[in-house]
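Dear colleague,

Please find below the sequence and structure that I am handing over to you. My notes on what was found follow directly after.

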Amino acid sequence: MTAKSSCSFWILGALALVHAAATCRFLPPAEIAASPFLAAKDYAVHTHRVHAYREAFWQSTLPWWTYDPAVCAGKTRHPAQDIGTVPQSIVALAFPRVSAGKVVAWFSWLAILLLPCIFVAAGYALRFEIDEIAWGTVLVLAIFWFATPIVSFLRSGMIAFLLSSFLAVFVLTGYLRFFREPTLGGYAAATLAGSLLFLVHPLGPLIILPSLLFSVVASRLPWRWFIAAAASPLVIAGVNAFWLVPFLYGLQTPPPPWSTEVHLAMPYWVWNSNIRPSDYLAPHLLLAYLMIASASVLAWIGLARQHGWIPAIALGLALLLSLMLTLFGSSWSVTRVLQPIRFVGIACLILALVGGYLIALVQRTVKLPIWLRYGSQCVAVVVLVLAVFLFGPRLRQHPDAPLLINFMQERTDAGERLLVEAEGPNSSITMALPMVVGREVISSAFPDHPDPVQFNPERLFHRDFDSITQDEARASIERFGIDWVFVHSEHWRTFFQRLTKQAGEEVGGYRAFEISRHTSRFLLGSGEVVARIDRIEVFPDGDADPIVLRYRYHPGWTCDGASSIESFAIPEDPSGFLLLRDPGDKVVLRFDPRLARRRAWPVATRP
């Protein structure tokens, strides 16, 4: 090892320490250990999905399909809504004694910690010099911790897609190295990395597909390696068949009556919904575009001369496609549903990779002294350290989550059903409460915005705040067997103070109203109910026939014996409640996803 490479290795080591410190600052391990789950944006809904997957797996049902009686009186999870939590769910199965909240939190922490290592590996796959990789790592860490879109990924919990962005660049560089020097080991490593990329997020490979298609044709591989490369997608799909088949199978499932179609049900998170494509051509931006384009041309010419035109063109194609989708994807109906701002991560990584190469190339071209070349890297590290500790981001968890959890555990009883106002239609923090406090909760229906059984500042069940009356609210609360109501919006506080004739109890920013205690899960009939994911056990009292449970109907339910399941009509939800005929002394209901796919939704009736 030369003195120059040794210095760059020390720089990379220092950057690794800076990134580790920034990761611990953003998400302290002590905070993970003290919190049952990360109460921040999508982290909570991911926690619920991982929990539901593991419970369904132990119930021996298809784990990508779940019916959770504890959420919104019976929330069904569709495979199309869950493609971002596949790796966390697998980790949860490997560690059955670790709670889903801890699995999601530690997975996120480790993924954030290891992301720069994937970037460094991509540089080595392209056979970049060590100083080029070091400068690229400086750039990628600056982007990672201070670029608004990337920080938004971190804070919102989109760790899987951020991880897939790094893996996409690594997979592209791995295949480029295989195309240059085809070997069995190189093919196996690239295909294995591609399988991991598709597992982490199926949209991850989208940006690099044109680059790979161009490279495999332009490289003029021997026939056996060309066929092997062309067969890589089949190998990758086969490795991921355990989740890909249920996903494709579920796309044909009849939608619930309150939805017009089965869809990803995600909000259109775009760069800026008020910006038109023509706005990016404003005169004050043209100079910036010219400077970036000039630097890019110089970098790609140097890259092509040193590493060949094929890698340069492949990286350029991936960069252009990611930038086009990021900036203009929200204007096209076909790409809008993909949340195109996701792809900005790949663009940033390629720019950092090529930018690091350009900086090192310029320093070598002007023949800077060794001490100045590596001294400038040291200065960059010091600046990065100061920036991280002075301005680095932190994960902001919901301040009321611990207070709500403590109040629910101390003041409410197991088996009670709570109505908790979500902070908005896209808020999902309350979805993790049932698994933590052991109570059933009706709150956010995220990401199913049309779902009629939810509570947020705009809606209570199926009615908007402006249209619902106190009598309608009282009837819905009694029908769903609500024992406690928790609200935080001022207008709902006033509404429930009038409804209950109570002032309510302060719980942080929330106010709690006690409605009743230990309401039965039977709307018609009586007895005991033991409900968990994908399974409901019913022990009726007496000879009541039929009986109606305060859980939402789904055509995927089946039961043993002579009992039959029907839908009982209620005004809040066209799906209705579960109606059982000929229940006997005990009825065990099991959720079967295959029935959910074959059966249509019936018209709800009353006995």
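**Findings**

Gln377 is buried, with a relative accessible area of 1%; buried means under 20% relative accessible area, exposed over 50%, and partly exposed in between, with a 1.4 Å probe and protein chains only. The model is a predicted one, in which local features need pLDDT of at least 70 and side-chain atom pairs count only at pLDDT 80 or more, while totals for chains, interfaces and linings use all residues. Residues are numbered from 1 along each chain as its sequence is written, and side-chain values use heavy atoms, with hydrogens and water left out.

Gln377 belongs to helix α18 (residues 370–391); helices (H or I, at least four residues) and strands (E, at least two) are DSSP runs, numbered from the N terminus. Leaving aside residues up to four places away in sequence, Gln377 touches Ser8, Ile11, Asp131, Ala134 and Trp135, where contact means heavy atoms within 4.5 Å.

**Overall form**

The protein has 23 helices and 17 strands. Its radius of gyration is 27 Å, close to the 25 Å that the globule rule gives for 607 residues, so the protein is as compact as a globular protein of that length. That radius is taken over C-alpha atoms, and the rule is 2.2 Å times the number of residues to the power 0.38. Along the principal axes, the C-alpha atoms fill a box of roughly 90 × 55 × 50 Å. Of the 607 residues, 55% count as buried. Among contacts between residues at least 6 apart in sequence, 75% join residues at least 24 apart.

**Two further buried residues**

Arg550 lies in strand β13 (residues 547–552) and counts as buried at 8% relative accessibility. Its C-alpha atom is separated by 5.9 Å from that of Leu523, 27 residues apart along the chain. Beyond residues up to four places away in sequence, the contacts of Arg550 include Arg417, Glu478, Phe522, Leu523 and Phe577.

Pro452 sits in the loop between β4 (440–442) and β5 (459–460) and is buried, with a relative accessible area of 5%. With residues up to four places away in sequence not counted, Pro452 touches several residues, among them Trp258, Arg552, Glu572 and Pro574. The C-alpha atoms of Pro452 and Ser575 are separated by 9.7 Å, and the two residues are 123 apart along the chain.

**Backbone geometry**

Most residues other than glycine have a negative phi, and most peptide bonds are trans. Cys72, which is not a glycine, has a positive phi of about 55°. Cys72 is placed in the loop between β1 (66–68) and β2 (75–77) and is buried at 0% relative accessibility. Asp582 also has a positive phi of about 55°; Asp582 lies in the loop between β16 (577–581) and β17 (587–591) and is partly exposed, with a relative accessible area of 45%. A cis peptide bond, with omega of about 5°, joins Asp545 and Pro546, and Pro546 is in the loop between β12 (535–540) and β13.

With kind regards
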